[in-house]
There are 2 protein chains.
Amino acid sequence: MGATMKDIARETGLGLATISSYLNGGNVREKNRIKIEEAIEKLHFEVNEVARGLKTNRTKTIGIILPELNNIFFSEIITAAEDLLRSHGYATMICDCRSDVKREEEAAEFLLHRRVDGLIMMPTGAEKKVFDRFRKSGRPVVLIDRRMENGDCDCVLVDNEGAAQNAVKRLMKKGHKKIGMITGPDNVYTARERQRGYELAIQESSKARSAQQSDLKGKTDRTDTKLLADGNYTIAGGAKAMRKLYEDNPDMTAVFISNYEMTVGAMMEINDLGIKVPEELSVIGFDNMDFARAVVPRLTIVTQPTEEIGQAAANLLLSHLEDKDETSDKTSDKIETTETIWLKTGFVEGESVADIS
Amino acid sequence: MGATMKDIARETGLGLATISSYLNGGNVREKNRIKIEEAIEKLHFEVNEVARGLKTNRTKTIGIILPELNNIFFSEIITAAEDLLRSHGYATMICDCRSDVKREEEAAEFLLHRRVDGLIMMPTGAEKKVFDRFRKSGRPVVLIDRRMENGDCDCVLVDNEGAAQNAVKRLMKKGHKKIGMITGPDNVYTARERQRGYELAIQESSKARSAQQSDLKGKTDRTDTKLLADGNYTIAGGAKAMRKLYEDNPDMTAVFISNYEMTVGAMMEINDLGIKVPEELSVIGFDNMDFARAVVPRLTIVTQPTEEIGQAAANLLLSHLEDKDETSDKTSDKIETTETIWLKTGFVEGESVADIS
């Protein structure tokens, strides 16, 4: 049996209340703090967080559910969120659901059983009920990257639509007209938003053209679906979609690829097909500066502020947890207000876009 | 207050022992299992793992400490380990210590307080005491990737020395004599092993040469230290080391880069310097097939079996946890036997090595 709080009290000559306050993160005078820490070291005292969790109804643990741990975009976000949470005394328990809705539900269930105090989640499916049980039991949930339709829930998002629209417009400014896009899965929020951005840019440009040429007036182009190929947000999917676009569109001069994994896959395929970038095809990719700088020629990419996303999500969650601590100790309080934080994407010029105007 | 086991018993008409057995993962007849699961669903019963942990002295949670979450090699390993652990009912709690020895100690302390049942760790520093406290309290520890000197501890390793030696020998077979190496930090086990492999290959070749040329007999070359540059296992370090090697060795025809991050960094710098691969410089990199296939020309690389590493570590840990369950319920049992599992690296031919023989 290890040392107890009483042993620490005996060793330091301090009262149990002081020691309890120290252990629960309360204010303790500097000299007492030193005494307690020395005693903890000497007696090999171990705080039993499990037992403490039962008493306070807090486990000081945050659950994180994400589609793929093995994905640099998510792991960068989590790294940043974890840093901030740890500096506030929270551990994280990470579940990787492999982009599978059933596993996502299981993970949520699992984290509920572990009585995590809150949840950060990048939803894979669109099932509101997955996080509704959390919220019903008064545990805050913050969504990252993807929003639930009809889900009134805190979330941290980037302007995906605007980012894609901007990328395509940049290609147009350099004289590109036949621009392909490698899209993500239909059921993923960011994929839909990025595709919408592409479509808006195409429509805007064709409206501008038809205004100039009166004979075309009123006849707005629809998006040419041959120029869209679904890459399923994976490396293999990106490679396959690249081949399809290339085969279906001999006159395509540029391609916009809408996530990092698909960018890697498309570059593999471009490599296999022997296509010269940017002479034969201009490319704008997504995410990951390191990759963009290591390939020849350097890739032009849309970047996302992963660190800020992680920090914003952690801060949002912490603010709810602290609110709750102030108002009441019951976990059954409903969380009423929700907040959405929008963050801006970046754009990094490489050498993968040719000016053909 | 939520539903209790008694409510489940009343709802199903089954005895508490059956329900308890179900909840603790024991064998329950199929028809009872269905009844219980329906009742759980209907009554919104939540297992309180925290309370259960106190009773059984098991939290069914495994701690994982790693140097960088934001590193594809580690995240692939963890993904595989987590899969296997979850299928045995274990959650994982992941701590990223940012390659910092102090944070590594804090993480171990933190996980001890959370009473994890075991620890998987890729040690950053060389401090045996970090995991000694775990082992003293009877909690198994499995090290991955890096071994502790003098640490008699279970570990899963790959043959780093052999992998590096083999890579350098392949360069030699293609006629390369001046071969540079980008090394990792001195205090990291794998970095030392990989450097040793390089040095063995160089020494072996110079011995073979001196045996042929009798006038050189007995005069074995030492490694030319100008051909070694420390890249600190980071992207930035790899880029810097590449530049140094290039400036210090105008006659260098090939370079071996000993981890993935440094490979990315070196490729960035090769890009910046305008060096043509493989015409002007042959390159063998490390890890990550996707990256290797996406760059032009495709990289020749040493690969590590990340999935097998993760699974082996999880299996080793599970075997200890199950042993313990069988023999006794006390956590103070010492773990006496240790095991080291060696896994083989792979080698993937790309187009980044020129034959100059």
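This is a predicted model: local features need pLDDT of at least 70, side-chain atom pairs count only at pLDDT 80 or more; totals for chains, interfaces and linings use all residues.
Residues are numbered from 1 along each chain as its sequence is written, chains are lettered from A and ligands numbered from 1 in the order written, and side-chain values use heavy atoms, without hydrogens and water.

Here is the pair in brief.

| Helix | Residues | Packing |
|---|---|---|
| α8(A) | 160-173 | about 40° to α9(A), axes 7 Å apart |
| α9(A) | 189-212 | about 40° to α8(A), axes 7 Å apart |

Axes are lines fitted to C-alpha atoms over the stretch in contact, with angles from 0 to 180 degrees between N-to-C directions. The crossing of α8(A) past α9(A) is right-handed (near helix turned clockwise from the far one by less than a right angle). Contact residues include A:Ala164 and A:Val168 of α8(A), and A:Leu200 and A:Ala201 of α9(A) (heavy atoms within 4.5 Å).

Chain A as a whole has 13 helices and 12 strands (DSSP runs, H or I of at least four residues and E of at least two). Of its 357 residues, 54% are buried (under 20% relative accessible area, 1.4 Å probe, protein chains only).

Methods:
Buried means under 20% relative accessible area, exposed over 50%, partly exposed in between (1.4 Å probe, protein chains only).
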